Amino acid sequence: MSRSLMASRHRWIYLGSIALLVAMLITGLLSFSQLHATDLAAQKARQLSDRLSAAGYPVPTRNQITHTLGEDGGAVCADPTGALNQAQWKEGMSNGADGPGRRPVLSDREAVQAEAIVLSVYCPDRLAAVQDRIDDLDLRDTVRT
């Protein structure tokens, strides 16, 4: 075979491969960037925004809530009473030091209740178990408003 005939065959393979990769890239980008903002997600975001506002919390935009929590609450509702989530939750209620200086602190009641508000909107069936754990904590009114 001559060099030009071989190059001609390889060119079709390269062009076909490039076209296939571009098609896969476009398909991937379209499905990844597709918004999952449905009516249910917007309704729940509106409900959460209203409840947080009524409780006196600073409220993120509804667009942020919709994209973060979606329709089902995302990571917040995945396993709120699991050991890892509880450990991370209690870690957030420490003084922030590392090693032997780490101490639990008396967390503010309102700061901890914010998660209960989110759960009441997105996964009310899991709220009772988390509320039991919140009730077991020694919470105070430590943040002055």
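Predicted model: local features only at pLDDT ≥ 70, side-chain atom pairs only at ≥ 80, totals over all residues.
Trainee: What makes Asp98 and Arg102 a salt bridge?

Mentor: Their closest N and O atoms are 3.4 Å apart. A salt bridge takes a side-chain nitrogen of Lys or Arg within 4 Å of a carboxyl oxygen of Asp or Glu, so this pair qualifies. As for Arg102, it sits at 35% relative accessible area and is called partly exposed.

Trainee: How many salt bridges are there?

Mentor: The structure holds 2. Arg62 and Asp50 form one of them, at 3.3 Å from N to O. Arg62 belongs to helix α3 (62–69) and Asp50 to helix α2 (39–54), so the pair ties together parts 12 residues apart in sequence. Helices here are DSSP runs (H or I, at least four residues; strands are E, at least two), numbered from the N terminus.

Trainee: Why are Arg62 and Asp50 called partly exposed?

Mentor: Arg62 has a relative accessible area of 39% and Asp50 one of 43%. Both labels follow, because each value falls in between the two cut-offs.

Trainee: What makes up the nonpolar surface patch?

Mentor: Ile13, Tyr14, Ile18, Val22, Ile26 and Leu30 make a patch of about 620 Å². Patch members need over 30% relative accessible area and no salt bridge; nonpolar side chains (Val, Leu, Ile, Met, Phe, Trp, Tyr) are joined within 5 Å, like charges within 9 Å.

Trainee: Which helix gives the largest share of the lining of the largest pocket?

Mentor: That's α5, with 4 residues. A lining residue has an atom within 4 Å of a pocket point; a pocket is an open set on a 1 Å grid where a 1.4 Å probe fits, with protein on both sides within 12 Å along at least five of seven lines. Among the lining residues are Trp89, Glu115 and Val130.

Methods:
Residues numbered from 1 in each chain as written. Heavy atoms only, no water. Areas by Shrake-Rupley, 256 points an atom, 1.4 Å probe, with all protein chains shown as cover. Buried < 20%, exposed > 50% of the residue type's maximum accessible area, 1.4 Å probe, protein only.
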